[in-house]
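Welcome! Have a look at the sequence and structure first.

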Amino acid sequence: MTNEELTRKAIEFLPRSYAPYSGFHVAAALLTKDGKVYLGCNIENSSLGATNCAERTAFFKAVSEGEREFSAIAIVGGKGTDESALADYAYPCGICRQVMREFCDPDDFNIILYKNSGEYLVQTLEQMLPHSFGPENL
Ligand code: THU
């Protein structure tokens, strides 16, 4: 699957985002090494602290279904649920980067960001989370 195809799946999933408090809608499409895609959105909560990010929703769906090997994640977000809202890259938060680190080889996992100018930013997890702590450190 191409970066563009994976990103398109994330964009199509944006209307599932539940973000009544921030109005910031995020969706993610997580690709397994054997080509399956798990989709996630942010799910906010009136307590705010119980909010779950789109990336973690995608990871927790996949891991809970038995998946352990991943090759890439496409992430989109903005103040709306259609492509016109995607004015900037939606960078993954630190907690989500650390969740990726639990299951992904930092040098062999791509994070794909997109904005509606048509530009992509593709970086490895190592680039987004350098000098990281992971399972092999315990
Ligand atoms: N959000 C994500 O879904 N992913 C991120 O990596 C950053 C933030 C969500 C959480 C919250 O619902 C909204 O964006 C504003 O922080």
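A nonpolar core is a set of buried Ala, Val, Leu, Ile, Met, Phe, Trp, Tyr and Cys residues joined through side-chain atoms within 4.5 Å. Buried means under 20% relative accessible area, exposed over 50%, and partly exposed in between (1.4 Å probe, protein chains only). The model is predicted, so to speak of local features a pLDDT of at least 70 is needed, side-chain atom pairs count only at pLDDT 80 or more, and totals for chains, interfaces and linings use all residues. Residues are numbered from 1 along each chain as its sequence is written, and side-chain values use heavy atoms, with hydrogens and water left out.

**Exercise 1. List the elements of the chain in order.**

Step 1: Helices (H or I, at least four residues) and strands (E, at least two) are DSSP runs, numbered from the N terminus.
Step 2: The chain has 4 helices and 5 strands.
Step 3: Reading from the N terminus gives α-β-β-α-β-α-β-β-α.

**Exercise 2. Find the residues with the most contacts inside the largest nonpolar core.**

Step 1: Contact means heavy atoms within 4.5 Å.
Step 2: The largest nonpolar core holds 23 residues, and L30, F59, I73, I75, F109 and I111 have the most contacts inside it.
Step 3: Two or more residues each come from β1 (25–32), α2, β3, α3, β4 and α4.
Step 4: The largest share, 5 residues, is given by α2.
Step 5: Leaving out residues up to four places away in sequence, F59 touches L30, F70, I73, V99, M100, F103, C104 and F109.
Step 6: There is also a second, separate core of 15 residues, with L6, I11, A29 and V76 among them.

In soluble globular proteins, nonpolar side chains tend to be buried together.

**Exercise 3. Is α2 largely enclosed by the rest of the structure, or largely open?**

Step 1: The buried residues of α2 are A54, E55, R56, T57, A58, F59, A62 and V63.
Step 2: Because 8 of its 11 residues are buried, α2 is largely enclosed by the rest of the structure.
Step 3: The cover over these buried residues includes β1, β2 (37–41), β3 and α3.
Step 4: After α2 comes G66, which has a positive phi near 100 degrees.

**Exercise 4. Which residues of helix α3 (residues 94–103) are buried, and what do they pack against?**

Step 1: C96, R97, V99, M100 and R101 are buried in α3.
Step 2: The buried residues of α3 pack against α2 (54–64), β3 (70–78), β4 (110–114) and α4 (125–128).
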